[in-house]
Amino acid sequence: MKTVGAAKFKQQCLSLLDHLDPEGLVVTKHGKPVARVVPYERGSAPLIGSLKNKIVVNGDLLSTGSVWQANAES
């Protein structure tokens with residue numbers, strides 16, 4: 001877990017939040033931990049259905065378009 005001093009956290013807060021690791025960071029004052037910042041856990045619910053009416057499928061989605069005769073004799 002990354003450790004950052006309170007003064008540096010204050011100066012670079014937005015940048016630190018933009019690049020926050022999944023394990024977060026510890027903010028220290030005079031070398032002693034005073035806070036831990038962790039990313040907010042988001043569920044996948046906003047993703048479900050988010051592309052509805054935005055994607056158009058042309059043709060058969062499960063086909064490669066190639067015709068293959070597995071049992072054909074050469």
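Two helices and three strands make up the secondary structure of the chain in this predicted model, and their order along the sequence follows the pattern β-α-α-β-β. The radius of gyration is 25 Å, well over the 11 Å that the globule rule gives for 74 residues, so the chain is more spread out than a compact globule. Along the principal axes, the C-alpha atoms fill a box of roughly 80 × 35 × 20 Å.

Of the 74 residues, 12% are buried, and residues 24 or more positions apart account for 14% of the contacts with a separation of 6 or more. The chain exposes about 7,200 Å², of which carbon and sulfur atoms supply 54%. As for charge, the mean position of the 9 positive charges lies 23 Å from the mean position of the 6 negative ones.

Within strand E2, which covers residues 25–29, sits Thr28. This residue has a relative accessibility of 13% and therefore counts as buried, the cut-off being under 20%. Leaving aside residues up to four places away in sequence, Thr28 touches Thr3, Val4, Gly5 and Ala6, and also Pro33 and Val34; of the residues in that list, Pro33 and Val34 fall within the range of strand E3 (32–37).

His19 belongs to the loop between helix H2 (13–18) and E2. With a relative accessible area of 61%, His19 is exposed, and its side chain reaches the backbone oxygen of Ser15 at 2.8 Å.

Most residues other than glycine have a negative phi. His30 is exposed at a relative accessible area of 84%, and Asn53 counts as exposed at 75%.

The table collects the accessibility of the residues discussed individually.

| Residue | Relative accessible area | Class |
|---|---|---|
| Thr28 | 13% | buried |
| His19 | 61% | exposed |
| His30 | 84% | exposed |
| Asn53 | 75% | exposed |

Notes:
Residues are numbered from 1 along each chain as its sequence is written. This is a predicted model: local features need pLDDT of at least 70, side-chain atom pairs count only at pLDDT 80 or more; totals for chains, interfaces and linings use all residues. Side-chain values use heavy atoms; hydrogens and water are left out. Helices (H or I, at least four residues) and strands (E, at least two) are DSSP runs, numbered from the N terminus. The radius of gyration is taken over C-alpha atoms; the globule rule is 2.2 Å times the number of residues to the power 0.38. Buried means under 20% relative accessible area, exposed over 50%, partly exposed in between (1.4 Å probe, protein chains only). Contact means heavy atoms within 4.5 Å. Accessible areas come from the Shrake-Rupley method with a 1.4 Å probe; for residues, only the protein chains shown count as cover. Lys and Arg count as positive and Asp and Glu as negative; His and the chain ends are not counted. The place of a charge is taken as NZ of Lys, CZ of Arg, CG of Asp or CD of Glu. A polar contact is a pair of N or O atoms within 3.5 Å; within protein, one must be able to donate a hydrogen and the other to accept it, and residues adjacent in sequence count only if both atoms are side-chain atoms.
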